[in-house]
Amino acid sequence: MGCVRSCGLLALVAALLVGVYVSELAKFRSNAPGARWVNWIGEYDCGPGVTIERPRTVKDLQEVVRRHHSVRAAATGHSFNTFACPAYAQGAVVDMTAFRALKVEAHGDKAHKVVAEAGIKMGQLQNEILAKGLTLRVPPGNSAYTLGGCIATGCHNLGQSHAQDLLAVTIMQHNGTVVEVKRGDPDFDAAAVSLGRMGVIVSATLEVLPYRSLKWSSEQLPVPTTRGVIDQLHEMKKRQTSQETTGNKLVFYLATNVMMMEYWIATGRAAELEESPAPLPPYINNQVFRVGQGPLTNIYAELRNAVFGLTPLAVLSALQVPAEIAFRSLHASPALAFVRKALGWQHSPEARGEASVKPSGNQYTWAGFLDEIMNLIMGLRHIEVIFPLDDRERAAKCLDIVFAHKHLAWWRLNVRTMASEGFYLSSTHSATKGAFFARVDFVAPGALLDMPSGEASLTAQLHRDCPGWRKHWGKGLFASSADEQWGEPEAFVEVASRWDPNGKFMPKSMPRWLSK
């Protein structure tokens, strides 16, 4: 009898919690009164006064832009800062997810390009062109990102940014006028990584190429000194001789002191396009964790922060050991390749559908669902520290600082190399042609980042001992280091001021060096 009562009570409580959770999710999806714009796990909130607009046509979008004095465009909310929020508390966030149209066109005699609207997810964009025998030069790093968000923040993968293949960006200005900026135009270097500061990105045009498969493998290597890691990165960059080469990746499991090298080997491109007889299955991610709309998720966030705050760091570090072992085994073991394929392990080409002669495309899988659950449960934020590689001693100091904060890097820490770009706000912008950068990325529990030994400590040491470091515009660390500047800010501000003279598209918490 006792079990019946207690089990019944537990079931009732669970049902109530699920009901409240679903109601909070429905509040956001239906744009009910009081709905707030939040990022994908509900951690970054634009505030109660910000209106959420969901236009479905260009005409609707023009009306929204003209109606509001402060506007920011957003979509799936995969950023870990407040740049998606308007500068003014009574402004509007424009949800662009209804803008998903796509068409493939000829580009010159034999080449092709894709013209796609800003709200299409990168996984779906890739699926639609894969079905036509084409592909992006490098596959999306995350299938759930949208094209507009990727172009605005400078998304990258396998040692290259998607901006490298950008041919044009279509932007809606402050007065509703729609203007296309093409490669070679005077303002293109600002538009290629614009933070949405010039206006709402409506669509983008990218060069696409015949399909090629990616062969992936990994091996464990002895863990060198930090200077040895930098030397290894210099060897890796030698392989990146053109846009057609792909970059390898070093993966560190810091709690278990393991280093892996991941190889991404691209096969030759198909001589002729081979279209699929039918469309590939669509990429559908309904974002069931887009909450943060009420007391349930707020209370959970406080409890989560309290758990991380009260648990000794030594205990948290010990917990990382079995987590890393499990992750590494699933990710790298050849014997578990069938498991990765069955789960749709999103961190390998086996899940992206590009490891075979004929592509199968991107799908939202159980592995992706579990990955998002883990992000929600732990309140994970995505972090990227980027610094120049050319001065080896200085680069080693930069990496030492990151390694000294290894308690922040859960599951694994990735290090890639990437060549410099000329776009004004690119995270790898350099005045030196042919310069290379290290891109170090990891995920960290937000509660740990908010401690004195977390983000503030990391960015303070980088500021002191790693000159020239910078961040990814779509990820974290801006709360403590917004004034760390790079690129050509004066040139960018001049363009943005002409396109948006009244600052309608200025984001919340815009760095002061870009707010002139």
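The views below come from a predicted model, where local features need pLDDT of at least 70, side-chain atom pairs count only at pLDDT 80 or more, and totals for chains, interfaces and linings use all residues. Residues are numbered from 1 along each chain as its sequence is written, and side-chain values use heavy atoms, with hydrogens and water left out.

**View 1. The whole chain, before we zoom in.** The protein chain has 16 helices and 18 strands (DSSP runs numbered from the N terminus: H or I of at least four residues for helices, E of at least two for strands). Its radius of gyration is 23 Å, close to the 24 Å that the globule rule gives for 516 residues, so the chain is as compact as a globular protein of that length. That radius is taken over C-alpha atoms, and the rule is 2.2 Å times the number of residues to the power 0.38. Along its principal axes, the C-alpha trace spans about 75 × 55 × 55 Å. Of the 516 residues, 54% count as buried (under 20% relative accessible area, with exposed over 50% and partly exposed in between, using a 1.4 Å probe and protein chains only).

**View 2. The Cys150 and Cys155 disulfide.** Here the S to S distance is 2.5 Å, and a disulfide is a pair of cysteine sulfur atoms within 2.5 Å. Cys150 counts as buried because its relative accessibility is 4%. Cys155 is at 7%, so it counts as buried too.

**View 3. The Cys46 and Cys85 disulfide.** The sulfur atoms of Cys46 and Cys85 sit 2.0 Å apart. This link ties together distant parts of the chain, 39 residues apart: Cys46 is in the loop between H1 and strand E1 (51–53), and Cys85 is in the loop between strand E2 (71–74) and strand E3 (92–95). With a torsion of about -85° about the S-S bond, the disulfide is left-handed. Both Cys46 and Cys85 are buried.

**View 4. The Cys398 and Cys466 disulfide.** Again the sulfur atoms are 2.0 Å apart, but the S-S torsion is 100° and the link is right-handed. Cys398 lies in helix H12 (residues 392–404), while Cys466, 68 residues away, lies in the loop between helix H14 (455–465) and strand E18 (470–471). Cys398 has 1% relative accessibility, so it counts as buried. Cys466 gets the label buried with 0%.

**View 5. The largest cavity.** A cavity is a set of points on a 1 Å grid over the protein atoms alone where a 1.4 Å probe fits but cannot get out; a pocket is an open set with protein on both sides within 12 Å along at least five of seven lines, and lining residues have an atom within 4 Å of a point. The largest cavity holds about 50 Å³ of space, counted as the space filled by probe spheres set on the points, which are joined across faces, edges and corners. Its lining includes Thr153, Gly154, Met418 and Arg439.

**View 6. The second largest pocket.** This pocket has about 530 Å³ of space. Among its 23 lining residues, Thr97, Arg100, Lys121, Asn285 and Gln287 lie nearest the centre. Helix H1 (2–29) and helix H3 (122–130) are the elements that give two or more residues to the lining.
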